[in-house]
Amino acid sequence: MTVYLARTYVIAPNRLREHNEWGKKLVSLMKKQPRLFLGVESLQVLSHKDEGSAGKFTALWGFESLSSIEGWETGFREIPEEKALRAEFMKLIVPGSYSVCILEPIKKMTRNTKSPLRVGKQK
């Protein structure tokens, strides 16, 4: 099962446009240098929509395993492009708002959502 690295942070309302531009730079780096993202299965950026949390985001990185997270983090920090992106990112976030955790699934449930009967169809 996929293991997730969740990074949660808050962007000041006046810096949201800069955050979007920063995200485009990250995507560009992912396309230009895919070898830097080996082990990354997915990336989703989620916006929190609860009261009083405008500008709160969670970047959810999916990896094959816990060891692939550790290897990726170590190797990625050594490249100049990453250092520049990280420095730029740290200037955008509200101080003290950054947190990181690893989410490891313990059980996966799948559900068939198809209705057995179609509305309006008679036997």
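Leaving aside neighbours within four places in sequence, which residues is Leu43 in contact with?

1. **What you are looking at.** This is a predicted model, where local features need pLDDT of at least 70, side-chain atom pairs count only at pLDDT 80 or more, and totals for chains, interfaces and linings use all residues. Residues are numbered from 1 along each chain as its sequence is written, and side-chain values use heavy atoms, with hydrogens and water left out.

2. **The overall layout.** The protein chain has three helices and four strands, and reading along the sequence gives you the pattern β-α-β-β-α-α-β. Helices (H or I, at least four residues) and strands (E, at least two) are DSSP runs, numbered from the N terminus. Of the chain's 123 residues, 29% count as buried. Buried means under 20% relative accessible area, exposed means over 50%, and partly exposed is in between, using a 1.4 Å probe and protein chains only. Now take the contacts with a separation of 6 or more: residues 24 or more positions apart account for 73% of them. A contact here means heavy atoms within 4.5 Å.

3. **Leu43, as promised.** Leu43 is found in strand 2. Setting aside neighbours within four places in sequence, Leu43 is in contact with Leu26, Met30, Ala59, Leu60 and Trp61. Leu43 is partly exposed, with a relative accessible area of 29%. Its C-alpha atom is separated by 9.9 Å from that of Ala6, 37 residues apart along the chain.

4. **Gln44, next along.** Gln44 also lies in strand 2 and is partly exposed, at 42% relative accessible area. Leaving out neighbours within four places in sequence, Gln44 is in contact with Thr58, Ala59 and Leu60. Gln44 and Thr58 are 14 residues apart in sequence, and 8.1 Å apart in space from C-alpha to C-alpha.

5. **Two residues of helix 1.** Have a look at His19, which lies in helix 1 (residues 16-32). Is His19 buried or exposed? His19 counts as buried, because its relative accessible area is 7%. Not counting residues up to four places away in sequence, His19 touches Tyr9, Ile11, Phe57 and Leu92. Leu16 is found in helix 1 too, but Leu16 counts as partly exposed, at 30% relative accessibility. With neighbours within four places left aside, Leu16 is in contact with Ile11, Gly55 and Phe57. Leu16 and Ala54 are 38 residues apart in sequence and 9.8 Å apart in space, C-alpha to C-alpha.

6. **The nonpolar core.** In soluble globular proteins, nonpolar side chains tend to be buried together. A nonpolar core is a set of buried Ala, Val, Leu, Ile, Met, Phe, Trp, Tyr and Cys residues joined through side-chain atoms within 4.5 Å. The largest one here has 21 residues, and Phe37, Trp61, Phe63 and Trp72 touch the most other members. Strand 1 (3-10), helix 1, strand 3 (56-63), helix 2 (66-76) and helix 3 (80-92) each supply at least two residues of this core. Strand 3 gives the largest share of the core, four residues. As for Trp72, not counting residues up to four places away, Trp72 touches Leu5, Arg7, Leu36, Phe37, Leu38, Val40, Trp61 and Phe63.

7. **Arg7, a buried arginine.** Arg7 is found in strand 1, and counts as buried because its relative accessibility is 12%. Among the residues that Arg7 touches, beyond those up to four places away in sequence, are Trp61, Trp72, Glu73, Arg86 and Tyr98. A polar contact of 3.3 Å joins the side chains of Arg7 and Tyr98. A polar contact is a pair of N or O atoms within 3.5 Å; within protein, one must be able to donate a hydrogen and the other to accept it, and residues adjacent in sequence count only if both atoms are side-chain atoms.

8. **Who lines the largest pocket.** A pocket is found on a 1 Å grid over the protein atoms alone, as an open set of points where a 1.4 Å probe fits, with protein on both sides within 12 Å along at least five of seven lines; lining residues have an atom within 4 Å of a point. The largest pocket is lined by 21 residues, and Arg7, Trp22, Leu26, Trp61 and Phe89 lie nearest its centre. Helix 1 supplies the largest share of the lining, six residues.
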